[in-house]
Amino acid sequence: NPRRTPLIAGNWKMNLDHLQAIAFVQKLAWNLKDAKHDFSAVEVAVFPPFTDLRSVQTLVSADKLPLAYGAQDLSAQDSGAYTGEISGGFLSQLECQYVLIGHSERRTLHGEDDEQVAAKVKAALKHNLVPIICVGETAADLELHGPSAVPVAQLKAALSGVSNAADIVVAYEPVWAIGSGQAATPEQAEQVAAQLRNVLKDTLGEDVAARTRILYGGSVKGVNIAGYMREPNLDGALVGGASLDIDEFSSIVRFQK
Ligand code: G3P
């Protein structure tokens with residue numbers, strides 16, 4: 001779709017400390033520059049741990065690297081007595097462009113529910129961060145409700161009370177495909193993405209729906225990225241494991257349809 005620039009996003013999860021992050025980001029940028037990657041044609045973003053963000057900002061701004069970056073989570077609150085939390089304001093100060101919200105690991109390991117996800121989406125928008133809203137069904141959900149019911153319900157809930165969100169991203173990550181090596185087929189991912197775009201149409205209107213990028217996540221690699229990118233409703237990928245290997249991640253970024 002000409003209106004949507006593909007986005008390849010690397011979610012590092014709890015990997016790479018700030019020293020490793022500096023080396024990694026430098027090498028990744030060189031690698032892509034060497035390969036003459038056109039960053040205006042395919043946007044690249046990394047999601048390091050919080051403690052790396054200041055280092056990544058320094059590097060990206062000093063070397064004017066064409067890389068976007070963001071955090072893996074944020075607090076729904078702005079400031080105050082919330083031990084251990086990080087506010088959206090802090091992230092904007094670090095020139096983060098994006099923030100992941102509602103990743104399945106946050107939902108399952110930290111008990112984040114739809115209400116918290118919705119509050120975080122509002123906090124991100126308030127602080128001028130583009131939320132990457134993560135949705136996806138477990139294997140049990142898939143068996144019980146089919147492929148799109150849970151992701152559709154999660155996206156509706158995440159957007160409840162949001163009326164003007166000009167810039168958001170949705171990531172469809174089936175939980176059964178995350179880190180399992182068992183990626184969804186492009187057809188499966190497209191089927192859900194089409195439903196998610198309908199939700200965007202109903203909640204935010206045609207125009208925003210047409211502009212919003214929907215990513216697929218779950219065992220994406222260099223060898224399977226092209227299949228997703230050929231689907232009309234998929235506009236990129238949220239990559240976990242493979243985003244930690246510079247060559248593998250670069251080959252995903254340089255996908256050929
Ligand atoms: O957020 C990305 C992620 O959950 C997918 O992980 O390792 O299956 O690419 P992976």
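Relative accessible area was used to class residues as buried (under 20%), exposed (over 50%) or partly exposed (in between), with a 1.4 Å probe and the protein chains only. By this scheme Glu206, at 58% relative accessibility, counts as exposed. The structure is a predicted model, in which local features need pLDDT of at least 70 and side-chain atom pairs count only at pLDDT 80 or more, whereas totals for chains, interfaces and linings use all residues. Residues are numbered from 1 along each chain as its sequence is written, and side-chain values use heavy atoms, with hydrogens and water left out.

The surroundings of the ligand were examined next. A residue was taken to be near a molecule if one of its heavy atoms lies within 4 Å of it. The ligand is surrounded by 13 residues, of which the closest are His103, Glu173, Gly179, Ser219 and Gly241. By class, this shell comprises 4 nonpolar, 7 polar and 2 charged residues; Ala, Val, Leu, Ile, Met, Phe, Trp, Tyr, Cys and Pro count as nonpolar, Asp, Glu, Lys and Arg as charged, and the others, Gly among them, as polar.

Polar contacts were defined as pairs of N or O atoms within 3.5 Å; within protein, one atom must be able to donate a hydrogen and the other to accept it, and residues adjacent in sequence count only if both atoms are side-chain atoms. The side chain of Glu173 places an N or O atom 3.0 Å from an oxygen atom of the ligand. Backbone atoms also take part: a backbone N or O atom of Gly179 is 2.6 Å from a ligand oxygen atom, and a polar backbone atom of Gly240 is 2.8 Å from an oxygen atom of the ligand. Taken alone, the ligand exposes 310 Å², and the protein buries 95% of that; these areas come from the Shrake-Rupley method with a 1.4 Å probe.

The ligand sits in the second largest pocket. A pocket is an open set of points on a 1 Å grid over the protein atoms alone, with protein on both sides within 12 Å along at least five of seven lines, and a molecule sits in one if more than half of its atoms lie within 2 Å of its grid points.

Ser219, one of the closest residues to the ligand, is found in the loop between strand S7 (213-217) and helix H10 (225-229). Helices (H or I, at least four residues) and strands (E, at least two) are DSSP runs, numbered from the N terminus. Ser219 is buried, with a relative accessible area of 13%, and its phi is near 60°, a positive value in a residue other than glycine. Most residues other than glycine have a negative phi. Lys13 likewise has a positive phi, of about 55°, although it is not a glycine.

Lys13 belongs to the loop between S1 and H1 and is partly exposed, with a relative accessible area of 22%. Asp17 is found in the loop between strand S1 (7-11) and helix H1 (18-34) and, at 39% relative accessibility, counts as partly exposed. The C-alpha atoms of Asp17 and Pro49 are separated by 7.6 Å, and these residues are 32 apart along the chain.

Helix H5 (residues 114-126) contains Lys120, which is buried at a relative accessible area of 7%. The side chains of Lys120 and Glu112 are joined by a polar contact of 2.7 Å. Ala124 also lies in helix H5 and counts as buried at 0% relative accessibility. Gln116, likewise placed in helix H5, is partly exposed, with a relative accessible area of 37%. From C-alpha to C-alpha, Gln116 and Ile101 are 9.5 Å apart in space and 15 residues apart in sequence.

The exposed residue Glu206 is placed in helix H9 (residues 206-211). Glu206 and Thr108 are 98 residues apart in sequence, with a C-alpha to C-alpha separation of 32 Å.

Terms used: On a 1 Å grid over the protein atoms alone, a cavity is a set of points where a 1.4 Å probe fits but cannot get out, and a pocket is an open set with protein on both sides within 12 Å along at least five of seven lines; lining residues have an atom within 4 Å of a point.
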